[in-house]
Amino acid sequence: VPSGFKQSPLPSEKRFPGAGMTASKKLKYLKFRHSKHLIFLMQKISLHQIRFLRFLEYALKILLKSSLFVVFHNEVSQPPTITQQSPKDYIVDPRENIVIQCEAKGKPPPSFSWTRNGTHFDIDKDAQVTMKPNSGTLVINIMNGGKAEAYEGVYQCTARNERGAAISNNIVVRPSRSPLWTKEKLEPNHVREGDSLVLHCRPPVGLPPPIIFWMDNGELPQSERVSQGLNGDLYFSNVQPEDTREDYICYARFNHTQTIQQKQPISVKVFSSRYSKPVTERQPVLLTPTGSTSTKVELRGNVLLLECIAAGLPTPVIRWIKEGGELPANRTFFENFKKTLKIIDVSEADSGNYKCIARNALGSVHHVISVTVKAAPYWITAPRNLVLSPGEDGTLICRANGNPKPSISWLANGVPIAIAPEDPSRKVDGDTIIFSHVQERSSAVYQCNASNEYGYLLANAFVNVLAEPPRILTPANKLYQVIADSPALLDCAYFGSPKPEIEWFKGVKGSILRGNEYVFHDNGTLEIPVAQKNNAGTYTCVARNKLGKIQNEVQLEIKDPTMIIKQPEYKVIQRYGQVSFECIIKHDSTLLPTVTWLKDNDELFLVGKDNLTIMNVTDKDDGTYTCIVNTTLDSVSASAVLTVVGKNALKLLLLTRPNPPFDLELTGQLERSIDLSWLPGDENNSPITSFVIEFEDALHEPGVWRYQTEVPGSQTTAQLKLSPYVNYSFRVIAVNRIGRSQPSEPSEQYLTKSASPDENPANVQGIGSEPDNLVITWEPLKGFQSNGPGLQYKVSWRQKDVDDEWTSVIVANVSKYIVSGTPTFVPYEVKVQALNDLGYAPEPSEVIGHSGEDLPMVAPGNVQVHVINSTLAKVHWDPVPLKSVRGHLQGYKVYYWKVQSLSRRSRRHVEKKILTFRGNKTFGMLPGLEPYSSYKLNVRVVNGKGEGPASPDKVFKTPEGVPSSPSFLKITNPTLDSLTLEWGSPTHPNGVLTSYTLKFQPSKLNINIFWGSLILKNLNYSTRYKFYFNAQTSVGSGSQITEEAQNTFFLLLSLAMASRQVDIATQGWFIGLMCAVALLILILLIVCFIRRNKGGKYPVKEKEDAHADPEIQPMKEDDGTFGEYSDAEDHKPLKKGSRTPSDRTVKKEDSDDSLVDYGEGVNGQFNEDGSFIGQYSGKKEKEPAEGNESSEAPSPVNAMNSFV
C-alpha cells in the first residue's frame, strides 16, 4: 500500500459463517410466505464466488487509490530505490539462459550499470549479454552457444539518476553441478547375524548438494534398526538374515538440474547363526558420532539437526535431553525414529550441551554435542528513507546485531563514505548519520553494510531534499458510509516538504476537531471510534506547511445497524411433518439486505425473504439452521436447532431450554455503572432459574463475549459495573434445568469515558537470560483495563542495596523489556506502572529480581567419602561461597562411577551416575554400589545456568561382600556308583573367593578348590541325591544353586543291574542250582499233599518264617527302594523281590520324590547351620525293618580324601 494511505481490512469473514462449505448435495423445497403467495426457490451460489466479487471490489478501490499516488509520484523527483534483485547466492541451471534481476524506481527513471568481480562489466562488448529495456536485468544467452561456467562470478547492480545511486547486494552466480560417481570396486559385505553394518554412500560433491536416498528393487523400508544418516550412509544397528541383498543402491538427486545419479550396487550377505556361533546380545555402541563429545555450530534462524545412530542387540532406543535445561517447546521435532533431533528457528538461547542416550536391555551409551549458535547480521533498526526540506535536520540509523557483533560501514551513492564527496551537513557517528541544515545538494542514496564472518546485510536509504507545498491525494467529496456505533475512518492522504501539519474541521466553517472522541493518525486519517448519528456530515481536512495550504472535504453518512428482531426458534417436529423458521429483520432504508440460510454450515441457499419452510421432514433435515443477513456495510446472523423425532418421543421433548430474552434496554448511564433491563422469553415448561449477562468490548475485542454477572431468574433488571474507555454491548442468556437458551440480541452500544488506569500489570518479574542482562516481564493489561487510549508502561529498575537512582523507560503496549550491561547475578528492584493519554496508574509495588546467572566459578572442596558397607557410602563436602555461585543455588551434583572390580582387575566403560542433592546440603548417600570395587567421584555446584567446575576426583573402595550364586551347576558322567559335578564361578564374586561349599543329602562337603569339576564316588545307586552348592568369601556365604540327579541316572542303574541278571542266568552252576531248588520244592509239595490226604497238618508257613531263605525275601513295600546294596566291594545280583520289570524299564512311580529319597529320611540330624551331620556323628541305630534291613548309604568322604 503506498505511503500515506491507510489500508482497509478485507471484507469481514464473519459475514460468511459458512466459509469453506461445499455446495448443497440435495435440492431442498423452500417455501416463502409473502402476501399469501407461495414461492418456491431452488437457487444455489458458491460462497467462493461471493468472496471473489467482494475482493474484486476491494482491489479496484485500492488500485484507484494507488493510481492517484502514481500520478502524483511522477511529478516529484526521487532518488533511485532498488525494488527487485536476484538472491545473494544465485545458483543457475547451466542449460538455460542466466537472468540476473535488478529493478529500480526513481524520478527521473534511473540508468543501470553492473560490476563483475569488482570491476566494470561492459555488456556492450559481450554479444551473449543483453539488458532488458527500462530495466537493469541482465540476460546471458547460454542456449545459443554460451557456457555458464564462463559467467560464474560476483555481480553487483547500480541504479543511478541525478538524485543519487542505489546498489544491489553482491550476487554470487554459480552454475549448478551434478557430477557422476567415481568408479570404485565394491567388495561384497559378509556380515554375521546380529553385527552392525554401515553402507557408505559418499555422493559426488554437487551444487547445490544432492538429496540422498537408498533403494533396492523398490523403496527400501527404514526402521529403528535400519536407517539413513544425515551424511547419506545407510546404518544397520544389527543385521538380520532378511538384510541379505545384492542390490543396495545409493541415489543422489540433483533437483536443480532434475537429474539422478546412481552408485554401483552394494552386496550384503548375512550369515545366520545356524552356520556360525550363536547370536549374542550386545550393549549399545555409537556408530555416529564417534567418541563421547563433539561440537556443532549453527546460525541463528536456521534448523539445527543433531544425529545419534547406535549399534546393539536388541536394537537401541535413542533419547535426547538438554543438559541444564529443557528442549524448546513447539520448535523441537524428532525424526528418523528419534535418531535425529530437529530444532527450528534456533537462537542464541538454544546454545548448550545436548545429550543423546542409546539404551537397550544390556546397557546404555551417551554422547554430548556442544552446540554454539552464532548469528549472521540481522536488523534491529534498518535505515529508512528521509524526505527533508531545505534547512531541516534528520538522522539515518543503521543498527544490527549478530554473533559476533557485526561491523557497520556506510557508503554514499555506492562509494565508501570516507572517499565520497564531502557534505558539510553530514556527520557520521558509528551506526548513525546526522544531517543538519540540509540543502538540495544533500540528496543522495546511502548504503549501510553490517557484516561479520557469517554474512552481511546491505540496505539503501535515500535522503531527498525537496521544497514542495502540501498536496492532498484523497479524492474530493469522497463519501464514507458506516454503521452506527462502529468506527469511522476518514482518509486524508497527503504529501509535502516540509511535512505538512493536518487539521480536521466539522463542516465548512466549523471549529477544529479535538477531544477524546477522535483519534488522529500520522498518515492524516481521522478516526471516530464510535460513530453516532450526530457525527454525520461534511468534514474538512486542511494540510499546511511553510510553502502553502490546501484543504479537502469528505462526506460521512451514518446508517442504522441491521438487526434480527425475531430470531428462528428451536423446533421439535415429527417425521414427515412441516416446519417453518422466521428471521424478521430491521435495517436502514437506504441499504439493501440479502438473506442467506445455512444448514449445519454445509448447504447454502441464497434467498430473498425472511421465512423458511421445510415440508415432508425426514431425519436428514435434523440440524442447525442459520439465517444470515448481509448488507454492504454489516452482517448479522441467528441460528435455531431442528430436532426430528418419532411420534412417541415428541412428548419427552416438551421440556426444553428457554427461548432467549429480548427487548434489551440500557438506562441510568453513569461513568462507572449502567442499568440493563430485558424481557424473558418462553420458559418452555421449565422455570427459568437464572439469567447470565455477557458483554462485548467492540473497541478492543470485537466479537468476543465475556462473562459480566448472573442474576436470579425472578429478576429482569441489573445494575452493571463499567470500566472506562470500553464500548459496551450486552446480551442475556436464560437458564433452566434443561439448559441455556440462545443469547439474546445485543443491546445498543455504550462508550464509557476515558480515565487513567486503575491498576498496574500483574506478575512482574526480573529474571536475566544472559549474564549481562535483566529481562523484566509482566502480564499486560487487557484492552478494557487500559481505561483510555495510548496504553503504555513505565518500566523502572535500580540495583538493590546500592544507593542508585531509579532508571526508567516508557515502552509501548508490550510485555517485556531487556536491560543490558548489568553485572552478573545481582539483585534489582523492579516496578512497572501503566499509563495512558490521561495519566498514570497508582504507584506500583516493587519486586525483587536478579540479573542473569553465569556458571559457578568454584568447585566444592574437602570432599570426603565414608564407606558404610559394601553397597553404601556417604560423601561429605564443604559448601562453596555464595558469591562464587553467581546464580540461584539449586544444589550439588555428585558424579560417581566404577573404575574397576578389585576381584577381576578388568576395566570396562561404565556410564557415570549422577545424584542431585537440592539446596545447600553438604553430604549425601551413594546407594547401589558394587562390593569390592574401586570408585571415583567428584562434586559440582549447580545454579540456574548450569554446573560449575568439578572437584578433584576422589577415589574410594568398597569392601568385600558375599558372592552371587555360581553361574551354573550340572551333573555329568553318571555311573553305577559315581557322578561328576561341574560348576562355574559366580558372575559377581564381590571379593576374594575362599572356598566352595557342597551340601547333599545325606552328606556335606567343604571344598577349598577352584577348578570347575568334582567326581563323587561310592554313591548308593538306590538313593536319589539333591546337591546344594555355593561360594564363600571372607564375609560369608553367597546364595546357593541346586541340582539333583535326574531319572537318567537311575535308568542307567536299572539297565546295568538288569544286564547282570541276564549274564548270571546263562551260567551252568546257576541253572543246576535252580533245578535242585525246583526238585526240592516238588518233593516238599508231594509230601505235603500226601500228609494232607492223610488228614495231618504240616506247619509249612511257620517253618518258612523260621527258616527264611534270604534269596527269596520280598522287597520292602514301604520304602520304595531297590533293596539292599552292600558296602562290600563285590555287588550282589538283584533279588527276586526287585521291582525291575522284565522289560528292563523303571516305572515312573518308583522315582517319586520324598525326603527319604534324598538321604536319611525323617530321622536325619542337622547342625545349627542346617547341614547334615549323619555321616560325621558315628553310626546311628538302625530300626528294625519289615522283611529285611536296609543298610545306610555309603559315605563318599573316603572317596574325596584326595581333594580335601
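Me: How far apart are the sulfur atoms of C398 and C448?
Reply: This is a predicted model. C398 and C448 form a disulfide. The cut-off for a disulfide is sulfur atoms within 2.5 Å. Here they lie apart by 1.7 Å.

Me: Which parts of the chain does the pair of C398 and C448 link?
Reply: Both cysteines, C398 and C448, are buried. The two are 50 residues apart and join distant parts of the chain. C398 sits in the loop between β32 (394-397) and β33 (399-403), and C448 in strand β38 (residues 444-452).

Me: Is the disulfide of C201 and C250 left-handed or right-handed?
Reply: The sulfur atoms of C201 and C250 are 1.9 Å apart. The torsion about their S-S bond is about -65°.

Me: Is C356 buried or exposed?
Reply: C356 pairs with C308 in a disulfide. Buried means under 20% relative accessible area. C356 has 1%, so C356 is buried.

Me: What is the pairing of the bonded cysteines in sequence order?
Reply: The whole structure holds six disulfides. Numbered along the sequence, the bonded cysteines pair as 1-2, 3-4, 5-6, 7-8, 9-10, 11-12.

Me: How much of the span of residues 1069-1090 is helix?
Reply: The unreviewed UniProt entry annotates residues 1069-1090 as "transmembrane region". The end C-alpha atoms of the span lie 32 Å apart.

Key: Residues numbered from 1 in each chain as written. Predicted model: local features only at pLDDT ≥ 70, side-chain atom pairs only at ≥ 80, totals over all residues. Heavy atoms only, no water. UniProt positions renumbered as here; feature names shortened; annotations may be inferred. Helix = DSSP H or I, 4+ residues; strand = E, 2+ residues; numbered from the N terminus. Buried < 20%, exposed > 50% of the residue type's maximum accessible area, 1.4 Å probe, protein only.
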